[in-house]
Amino acid sequence: MNTLSNVGISAIALAISTLAFSAMAKDSYQIFIKQPNANTAFQYIHQVAIHPRCQNCHGQVDEDGRFYPTVGEQQLPHPMNITTANNVVLFKDGEIFKQVPGVALSCSSCHQHKNGNKRGMPPGNITAEMPGFVWHMPQKNMVIPDGITAQQLCEKWLDPAHNSSHLVQRGGKDDLVTFKREFHEHHVTLDPLVAWSWSPGPGREKAPGQHQDFIRAVGVWIDAGAPCPQ
Ligand code: HEC
Ligand code: HEC
């Protein structure tokens with residue numbers, strides 16, 4: 001009797017540990033933490049990029065060509081019919097980002113400098129390092145499409161035609177020095193919108209892992225020559 005129930009218990013324990021292991025095996029973040037190299041780093045970067053916190057603001061394009069942000073874990077179209085027609089357009093005046101005036105109802109009419117303190121309120125974030133850089137969405141070529149593979153994402157980001165809306169290009173596979181400076185040291189490390197994904201405010205799941213680990217992963221990947229998963 002005693003022995004039988006012991007067998008039962010250890011069978012359950014085994015089943016639980018197998019389950020826990022297979023859940024972990026799919027978690028690219030844990031794999032990167034245990035074994036940091038260019039490949040595990042990019043798998044983790046991909047896991048982050050396809051999370052709703054990143055995908056929502058990078059937006060979706062519908063059949064009519066409307067380009068709009070999505071909200072929440074279900075990634076539904078932004079309420080109130082918000083599209084790029086409402087977007088904040090920024091330009092740089094020295095080191096300060098300024099908004100092109102003239103958009104009647106823009107992102108910054110609702111999205112403040114920090115998260116609303118209740119569920120359902122508009123999120124927001126700013127940092128001292130990028131003064132004036134407020135909540136807005138990127139251009140259409142920067143959509144992170146559903147189902148994009150790690151390899152496709154890697155190639156997209158390394159292509160300068162896709163990775164900046166400013167005239168100053170962010171580098172790419174032919175210019176990894178600029179890419180490292182602009183993409184890693186600037187965008188991933190200092191951009192308040194990227195950083196926000198790990199402090200998204202009440203009622204929203206944060207992006208996988210930690211912002212610091214994401215910064216580290218991007219560094220490991222670029223320092224190894226930014227290889228794309230095959
Ligand atoms: C009229 C007010 C208003 C305007 C204008 C507005 N938003 Fe929002 N936005 C909200 C509110 C409220 C929420 C929170 C909705 C929720 O969490 O259910 C929100 C949520 C979001 C989210 C969801 C974040 C997440 O991961 O769940 C994104 C992305 C977003 N807005 C982008 C934008 C962008 C980009 C613009 C400008 C093009 C914009 N919004 C304009 C009110 C607004
Ligand atoms: C609130 C909106 C917002 C959120 C949230 C956001 N981004 Fe962005 N992202 C932008 C904007 C705007 C740009 C364009 C900036 C530019 O052109 O310099 C951009 C550009 C980028 C680029 C440049 C290359 C490209 O083709 O997309 C990358 C990479 C990127 N974001 C990654 C991320 C990741 C990863 C996350 C989540 C951790 C994230 N973003 C969350 C607004 C957002």
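Two residues are in contact here if their C-beta atoms, placed from the backbone, lie within 7 Å. Leaving aside neighbours within four places in sequence, Ala217 is in contact by this criterion with Phe32, Ala41, Tyr44 and Ile45. The structure is a predicted model.

**Overall makeup**

The protein contains 10 helices and 6 strands. Of its 230 residues, 23% count as buried. Among contacts between residues at least 6 apart in sequence, 53% join residues at least 24 apart.

**Nonpolar core**

The largest nonpolar core has 31 residues. Ala217 is among those with the most contacts inside this core, together with Ala41, Tyr44, Ile45, Val218 and Trp221. The elements that give two or more residues to the core are α2 (28–34), α3 (38–49), α6 (150–157), α8, α9 (192–196) and α10. Helix α3 provides the largest share, 6 residues.

**Helix packing**

| Helix pair | Angle | Axes | Classes in the contact |
|---|---|---|---|
| α8 (176–190) and α10 (211–223) | about 175° | 10 Å apart | 7 nonpolar, 3 polar, 1 charged |
| α3 and α6 | roughly 90° | within 10 Å | 5 nonpolar, 2 polar, no charged |

Helices α8 and α10 pack at an angle of about 175°, which makes α8 roughly antiparallel to α10, since angles over 145 degrees count as such. On the α8 side, the contact is made by Leu176, Phe179, Lys180, His184, Val188 and Thr189. Helix α10 contributes Phe214, Ile215, Val218, Gly219 and Ile222. Val218 is also one of the residues with the most contacts inside the largest nonpolar core.

The axes of α3 and α6 cross at roughly 90°, and the two helices are therefore roughly perpendicular to each other. Here Phe42, Gln43, His46 and Ala49 in α3 meet Ala150, Leu153 and Cys154 in α6. The residues of this contact include no charged ones.

**Surroundings of ligand 1**

Ligand 1 is surrounded by 24 residues, of which the closest are Pro69, Cys107, Cys110, Pro122 and Met137. The largest share, 4 residues, comes from α4. By class, the shell has 13 nonpolar, 9 polar and 2 charged residues.

How values were computed. Residues are numbered from 1 along each chain as its sequence is written. Chains are lettered from A and ligands numbered from 1 in the order in which they are written. This is a predicted model: local features need pLDDT of at least 70, side-chain atom pairs count only at pLDDT 80 or more; totals for chains, interfaces and linings use all residues. A residue is near a molecule or strand if its C-beta atom, placed from the backbone, lies within 6 Å of it. Ala, Val, Leu, Ile, Met, Phe, Trp, Tyr, Cys and Pro count as nonpolar, Asp, Glu, Lys and Arg as charged, and the others, Gly among them, as polar. Axes are lines fitted to C-alpha atoms, for helices over the stretch in contact, and angles run from 0 to 180 degrees between N-to-C directions. Angles under 35 degrees count as roughly parallel, over 145 as roughly antiparallel, 65 to 115 as roughly perpendicular and the rest as oblique. A nonpolar core is a set of buried Ala, Val, Leu, Ile, Met, Phe, Trp, Tyr and Cys residues joined through C-beta atoms within 7 Å. A residue is buried if 20 or more other C-beta atoms lie within 10 Å of its own, exposed if 12 or fewer, and partly exposed in between; C-beta atoms are placed from the backbone.
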